[in-house]
Amino acid sequence: MRRNYDVIVVGCGGLGSAAAYWLARRAGEGVLAIEQFGLGHDRGSSQDHSRIIRHSYHDPNYTVLAAPAYDLWGQVEEESGIKIVHKTGGLDLEMLGTTGPKDLSHCAATMAEHGIPYEELSAAEVMYRWPQFTLPDDARGLYQADSGLVDARKANATHVALARLHGATVLDRTPIRALRPNGDSVEVVTDAGTFSAAHVVVAAGAWSNSILGSLGVEWPLTVTQEQVTYFATPHLREFAPDRFPVWIWRAPQGFYGFPVYGEVATKAGQDVGGEEVTAETRTFEPDPNARGRLDRFLESHIPRFLGPELYTKTCLYTMPPDRHFVIDAVPGHPRVTIAVDGGHAFKFATLIGNILSQLALDGRTEYPIGAFRADRPAITDPTFPPLFRNEAVVHRT
Ligand SMILES: Cc1cc2nc3c(=O)[nH]c(=O)nc-3n(C[C@H](O)[C@H](O)[C@H](O)COP(=O)(O)OP(=O)(O)OC[C@H]3O[C@@H](n4cnc5c(N)ncnc54)[C@H](O)[C@@H]3O)c2cc1C
């Protein structure tokens, strides 16, 4: 097997498989992507039927990336013939006065700034259009018609297939043990021998620090074990994707959910609702407390969404303290570029893959990613406090 490549990608989850694809479009057989487990495994962050995609962010650093992400997903769909993004419309919901700088007026303002149409709705207007919701009078909504879901499993498999089509080698079941910078190349040490490349792209999710550790770098990343539950609602027609939007309940105790898709069931979860773990200590056991919090929310706000549990699936978030992405070279290692997802990156996966390919091959990107630098205080200052609220920790103490 060939040992020297232009670029080696570490990890074939959502971001790594996307990077492999966009790299292979330009560097073809010069690309090797390496995954420690079997392709399509569910031990990381990316293997489920659906992830929310939306323009609606309170932070313009993300709003500005949403349109290019939709465009690039469209290109992947065009090239593969596989439908990956399903627009269902999206509803952000909140109780007036509870979300501070993240409140819906900020989401509306960033969308207005970027020319994205939206509708602001009272609680009564939301319930008139979607009687599935039961909202108090002081709730309000923000509807954006392009929101929807990305079929994550299909996206990953499609990126891998297209990467191979363009000449990349994809090696699974091959753990990478270390990166070793060596002059004008980087050695990648695996159980199947050592490879080398002019550039390495790291998309290792919850394992990021174990790869960074081999470079003498450690970042303050919090990994949480999150979960989503599929409910076999008997009210299928009410929750079909053409009748029911993806939704986010924006609150200190935040929840999100999907119409029926992937399974004959609705799906919902709590955002940052899981215990802090590592990739090694995580279990696949659902947390009954998080499940209880979700059930109580759904019972009072979307009661017919509920049904017998089909299954609850666990999954990992990997979050810097400010919960923003990292997309940058590893400081001191210009030949190693890394992306860390912050627990909300799937909607941007193909765009982040494209950005990583530009950083690796050109040393720069056309996209505005200044907010995701690796030398910002959230990464470099060990006293930087986590800005996210962890529901599991809050409810334990
Ligand atoms: C429950 C849940 C709900 C979410 N909902 C949304 C949503 O609605 N919208 C949204 O945009 N995002 C959402 N996200 C976040 C999104 O899924 C993640 O941001 C994204 O999947 C991260 O992908 P990744 O490639 O960074 O990580 P992963 O998919 O975990 O990929 C990392 C890969 O690297 C491999 N790897 C690591 N170390 C090595 C090594 N040493 N050698 C070889 N391979 C290695 C791993 O095995 C793994 O396959 C959600 C996440 C969860 C958990």
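Okay, let's start with a hole in the protein. The largest cavity is lined by Glu226, Gln227, Thr229, Gly269, Gln270, Gly273, Gly274, Ala290, Arg291 and Leu294. Quick reminder before I go on: what you're looking at is a predicted model.

So what kinds of residues face that cavity? By class, there are six polar ones, two nonpolar and two charged. As for where they come from, strand 13, strand 16 (266–270) and helix 7 (288–301) each hand over at least two of the lining residues. The space inside is about 60 Å³. And how many cavities of 30 Å³ or more turn up? The count is three.

Now, from cavities to pockets. I'd like to show you the second largest pocket, with a volume of about 180 Å³. Its lining has 14 residues, and the ones nearest the centre are Ala206, Asn209, Val223, Thr278 and Ala279. Which element gives the most to this lining? That's helix 6, residues 208–213, with three residues. If you sort the lining by class, you get seven nonpolar residues, six polar and one charged.

Okay, on to the ligand. There are 34 residues around it, and Glu35, His41, Ser46, Cys315 and Asp341 come nearest. Have a look at Asp341 in particular: an N or O atom of its side chain sits 2.6 Å from an oxygen atom of the ligand. Gln36 also reaches in with its side chain, where an N or O atom is 2.9 Å from a ligand oxygen. With Ser45, it's the backbone that does it: one of its backbone N or O atoms lies 2.9 Å from an oxygen atom of the ligand. And how much of the ligand does the protein cover? On its own the ligand has 1000 Å² of accessible area, and the protein covers 97% of that.

Who builds the shell around the ligand? Helix 1 (14–27), strand 3 (51–53), strand 13 (222–231) and strand 18 (309–319) each supply at least two residues. The largest share, three residues, is from strand 18. In terms of class, the shell has 17 nonpolar residues, twelve polar and five charged.

Let me pick out one of them, Tyr230 with Tyr311. Why do we call this pair tilted? The ring centres are 4.8 Å apart and the planes are at 40 degrees, so the pair counts as tilted, since stacked needs under 30 degrees and edge-to-face needs over 60. What I like here is that the two tyrosines link distant parts of the chain: Tyr230 is in strand 13, Tyr311 is in strand 18, and they are 81 residues apart.

Notes:
Residues numbered from 1 in each chain as written. Predicted model: local features only at pLDDT ≥ 70, side-chain atom pairs only at ≥ 80, totals over all residues. Heavy atoms only, no water. Near = heavy atom within 4 Å. Polar contact = N/O pair within 3.5 Å; in protein donor to acceptor, adjacent residues only side chain to side chain. Areas by Shrake-Rupley, 256 points an atom, 1.4 Å probe, with all protein chains shown as cover. Helix = DSSP H or I, 4+ residues; strand = E, 2+ residues; numbered from the N terminus. Nonpolar A, V, L, I, M, F, W, Y, C, P; charged D, E, K, R; others polar. 1 Å grid on protein atoms, 1.4 Å probe; cavity = no way out; pocket = protein on both sides within 12 Å on 5 of 7 lines; lining within 4 Å. Points joined across faces, edges and corners; volume = space filled by probe spheres on them. Phe/Tyr/Trp six-rings, centres within 6.5 Å; stacked < 30°, edge-to-face > 60°.
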